Amino acid sequence: MSNHTDTAVSSVTVVGLGLMGQALAGAFLKAGHPTTVWNRTAAKADALVAEGARLAPTIGDALRAGSLTIVCLTDYRAVRELLGASEADLAGTTLINLTSGDSTQARETARWAEERGARYLDGAIMAIPSSIGTAGAVILHSGPEAEFEAHRPTLDALGTATYLGADHGLASLYDVAGLAMMWSVLNAWLQGTAMLRAAGVDAATYAPFAQMIAAEVATWLPGYAEQIDKGSFPAEVSALETDARAMAHLIEESEALGVNAELPRLIRSMADRAIAAGHGGEQYPVLIEEFGTPRTD
Ligand code: NAP
């Protein structure tokens, strides 16, 4: 474990200068950190070198350059390929891997890096390159807390550095769970948009209404989360069987308008199973039992 306490101007190395890696290195430079960079295609470092970055000639040199190495490549396979090369000595390094992946890859890569003598944090970037360096760029981290705290002042240059816990898989798990939220909201909006368009209402007219509904529903989450954590689902607002009747309206309306009703039918089938299991008088989040159970059919 590192006894190194970071300062606002600690040196840092960025490995991987794709769209995201360039933004990360740029933000470190802007915050005044001496920044070493390395990329498989060296030309991608040109603009950063012009701004004051040092280009490491080899990956081995990059890993030796500073107290902290940020890795941001296409995927975990590329990370293992690059850092597994004989010239890449991980002993004594601190790696923060901001490459996207799943929790199993994160845990396996943590074990793999630690076996080679590295201190390892995994991370997930919940932002686009242009927002890196602003508070709006949330970057999730998981792994040893002491490592995160030691380097937090450096990580602050990238955005809002958030620590989730010691399990290396957590950052990726939150990242992937966020995808479920993102696509569910977008799919629900697209369903409504298809319905309204069938009635001659354009997408831009419906969008502010959809935005209002999404924002309102989001306010229900903390209260519903309490019900899930307690395992108790009293119908304080409405019962699942009332919701199921509204789902039938959604299916019928979609079919009548000639738009796709697959998603409404899927939602209804989950509710039907929960009602058949005796949960019709309980509140909507009782469906967590459906979501928590694998199905192959
Ligand atoms: P990108 O522009 O495609 O860059 C990929 C980087 O990986 C390049 O530096 C590439 O090197 C390097 N690379 C790939 N395979 C390699 C290998 N075998 N050995 C060495 N280097 C290798 O991708 P990006 O947008 O920067 O994304 C990087 C990571 O950030 C991804 O995991 C992505 O999911 C995540 N992320 C991106 C965004 C975003 O908006 N861009 C947002 C959140 C998270 P070369 O330049 O030599 O090809």
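## Getting started

Because the model is predicted, local features need pLDDT of at least 70 and side-chain atom pairs count only at pLDDT 80 or more, while totals for chains, interfaces and linings use all residues. Residues are numbered from 1 along each chain as its sequence is written, and side-chain values use heavy atoms, with hydrogens and water left out.

## The protein as a whole

Along its principal axes, the C-alpha trace spans about 65 × 40 × 35 Å. The protein has 12 helices and eight strands, taken as DSSP runs (helices H or I, at least four residues; strands E, at least two) and numbered from the N terminus. Of its 297 residues, 41% are buried (under 20% relative accessible area, with a 1.4 Å probe and protein chains only).

## Around the ligand

## Contacts and cover

Polar contacts are pairs of N or O atoms within 3.5 Å. An oxygen atom of the ligand lies 2.7 Å from a side-chain N or O atom of Ser100. For the side chain of Arg40, the distance from such an atom to a ligand oxygen is 2.9 Å. Leu19 instead uses a backbone N or O atom, 2.9 Å from an oxygen atom of the ligand. The protein covers 77% of the 900 Å² of accessible area that the ligand has on its own (Shrake-Rupley method, 1.4 Å probe).

Definitions and conventions: A polar contact is a pair of N or O atoms within 3.5 Å; within protein, one must be able to donate a hydrogen and the other to accept it, and residues adjacent in sequence count only if both atoms are side-chain atoms. Buried means under 20% relative accessible area, exposed over 50%, partly exposed in between (1.4 Å probe, protein chains only).
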